[in-house]
Amino acid sequence: MSRILIIAEHDGQSLNISTAKCVSCAQAIGGDIDIAVIGSGADAVAAEAAALDSVTKVIVVDAEHLEAPVAANWAAEAVALAADYSHVIGPSTTMGRDLMPRIAALAGVNQISDIMEVNGPDSFKRPIYAGNAIVDVSAPAGSTVVATVRAASWKAAGSSGGAAVEQRAASSSAATHTRYIGLESGGSERPDLQSASKVVSGGRGVGSEDGFQVIYQLADKLGAAVGASRAAVDAGYCANDMQVGQTGKIISPDLYMAFGISGAIQHVTGIKDAGTIVAVNKDSEAPIFEIADIGLAGDLFSVIADLDELLG
Amino acid sequence: MKILVGIKRVVDYNVRIRVLSDGSGVDTDGVKMSVNPFDEIALEEALRIKEAGNADEVIVVSAGGDECQQQLRTGLAMGADRAIQIQSSEALQPLSVARAFLKIIEREDPGLVIFGKQAIDDDNSQTGQMLAALWDRPQATFASKMVVNGSSATVTREVDAGLETVEVDLPAVVTVDLRLNEPRFVKLPDIMKAKRKPLDVVALDELGVTVEGNIEVGNHAPPPQREKGVMVEDAAQLITELKNRGLL
């Protein structure tokens with residue numbers, strides 16, 4: 001039977017939702033599921049992890065030098081734990097994509113990126129070519145499976161469990177070659193883009209940083225997170241952590257509303273798993289309409305003004 | 001200081017990808033091939049570091065069949081000083097590529113190794129991190145800004161939560177994101193000049209690297225298509241549609 005270790009993503013305060021999605025993927029693989037919380041003073045995170053359904057054990061590796069997710073430090077701890085497991089998985093967020101290949105190389109195995117479906121304990125489906133092809137991949141028999149999980153393909157596991165929490169001492173000392181300086185974050189009060197059930201997004205058609213304000217206003221009215229296309233980010237209309245798409249965030253909200261976004265394949269890759277896609281664009285030939293569930297060809301500013309009025 | 005830049009030959013990003021009907025792969029017959037766009041950004045950054053006087057030599061390295069010499073020549077035309085092809089008749093997975101790069105590093109002793117953050121064919125995003133692990137050196141992935149200051153580099157990373165800054169001692173591995181720079185265009189005289197620049201070929205087995213533990217790649221399928229939606233005329237109809245779906 002498989003023994004699966006999930007590397008938790010967290011910020012020291014709370015567990016990132018992608019970890020609960022990894023649990024769903026682990027359930028599909030089948031077997032014993034443990035979660036490693038590597039960090040410093042992350043007791044609240046460990047408690048959240050222990051509450052996730054079907055988790056047997058939460059292993060807390062606590063040391064001051066593990067506070068920031070420096071891959072060299074975290075990978076050393078993960079590899080020390082890995083010997084007891086058939087699978088070591090993490091989310092395919094920037095944290096997981098930074099960390100998991102380092103773990104795989106130290107364990108001497110190739111890594112599987114972006115599991116979207118489980119065929120069997122060692123066999124999975126994953127997207128390649130920006131999601132333009134889905135390929136079946138299998139890890140070689142008898143070797144540890146190290147993989148990242150495409151969060152947008154999985155629902156978060158429930159939180160009615162009660163796993164044991166076990167403390168482990170760090171096995172390595174701090175890597176002196178890497179110094180974490182800090183994180184500059186948008187610091188938005190709005191819902192988190194990656195876990196929000198509604199997302200309102202703006203593209204090049206929004207025209208300016210000022211123009212983008214109407215996107216924020218509509219999002220706030222709907223209680224939605226705010227996203228953007230690469231074109232809008234590159235043009236400086238909004239911060240880069242709002243970018244949705246192949247090279248930005250891949251999301252799966254219940255409702256995605258795209259304003260002034262043409263629908264380049266790289267953007268579509270990031271929203272394909274959304275429940276309902278709404279597109280508003282003045283170009284009725286824009287490719288976004290090919291994948292939209294509800295399309296409206298028209299001026300985004302007047303549509304938003306009307307929505308604003310009708311929604312009261 | 002030498003800088004190694006890893007470049008991969010991939011299907012050009014403008015090509016519409018078609019999955020072969022027998023599921024054996026995607027159609028690459030007669031398809032335009034290019035340098036992975038993220039790797040072009042990696043090379044541009046290396047050239048800028050050299051032009052700023054912080055490096056002496058930029059070496060482009062690619063692993064693959066002889067056809068990847070075409071992309072190495074593009075790298076030379078952009079301004080790299082020389083090229084190394086790690087020759088392999090089979091497609092190499094990231095762990096093998098990282099092992100081969102480690103052997104090149106032992107020969108060349110670079111201060112920096114720069115890769116694109118991912119290749120746009122396999123979308124793996126692994127090789128740089130694996131190399132850093134095997135080399136036991138720091139990694140700074142998804143860089144949107146980098147400053148080399150003597151024996152270290154300060155790198156701003158595009159992470160989900162915003163912009164993270166790390167300082168890494170050299171030698172280090174950096175993988176680069178889109179917004180780091182805009183790669184230069186290659187001019188015709190540079191293409192002519194590139195033909196005379198050195199391109200060394202070294203076979204994978206000469207480096208003592210054996211391919212093992214590959215992930216088995218099976219059936220390829222086109223992605224599931226979303227069903228065709230409806231068009232509405234105005235905001236009022238849009239709200240009705242959203243309410244019908246229980247979204248408002």
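## Helix α3 of chain B and the residue after it

Just after α3(B), D109(B) adopts a positive phi of about 55°; helices here are DSSP runs of H or I with at least four residues, strands are E runs of at least two, and both are numbered from the N terminus. This is a predicted model, in which local features need pLDDT of at least 70 and side-chain atom pairs count only at pLDDT 80 or more, while totals for chains, interfaces and linings use all residues. Side-chain values rest on heavy atoms, with hydrogens and water left out, residues being numbered from 1 along each chain as its sequence is written, and chains lettered from A and ligands numbered from 1 in the order in which they are written.

Helix α3 of chain B covers residues 94-108, and its end C-alpha atoms lie 20 Å apart, which agrees with the 21 Å that 15 residues should span at 1.5 Å a residue, the expected span being 1.5 Å times one less than the number of residues. Eleven of the 15 residues of α3(B) are buried, so the helix is largely enclosed by the rest of the structure; buried means under 20% relative accessible area, exposed over 50%, and partly exposed in between, with a 1.4 Å probe and protein chains only. Among the buried residues of α3(B) are L95(B), F101(B), I105(B) and E108(B).

## Chain B as a whole

The secondary structure of chain B comprises six helices and 13 strands, and its C-alpha atoms fill a box of roughly 65 × 45 × 40 Å along the principal axes. Of the 248 residues in chain B, 54% are buried.

## Interface of chains A and B

The contact, defined by heavy atoms within 4.5 Å, takes 77 residues from chain B and 81 residues from chain A. Between them the two chains bury about 6600 Å², 54% of it on carbon and sulfur atoms, where buried area is the accessible area (1.4 Å probe) that two parts lose on being put together, summed over both.

Five salt bridges are found across the interface, the rule asking for a side-chain nitrogen of Lys or Arg within 4 Å of a carboxyl oxygen of Asp or Glu. The side chains of D98(A) and R157(B) also meet in a salt bridge, at 3.6 Å from N to O.

## I304 of chain A

I304(A) belongs to helix α9 (residues 300-311) of chain A and is buried, with a relative accessible area of 6%. Leaving aside residues up to four places away in sequence, I304(A) touches V214(A), I215(A), L218(A) and F259(A).
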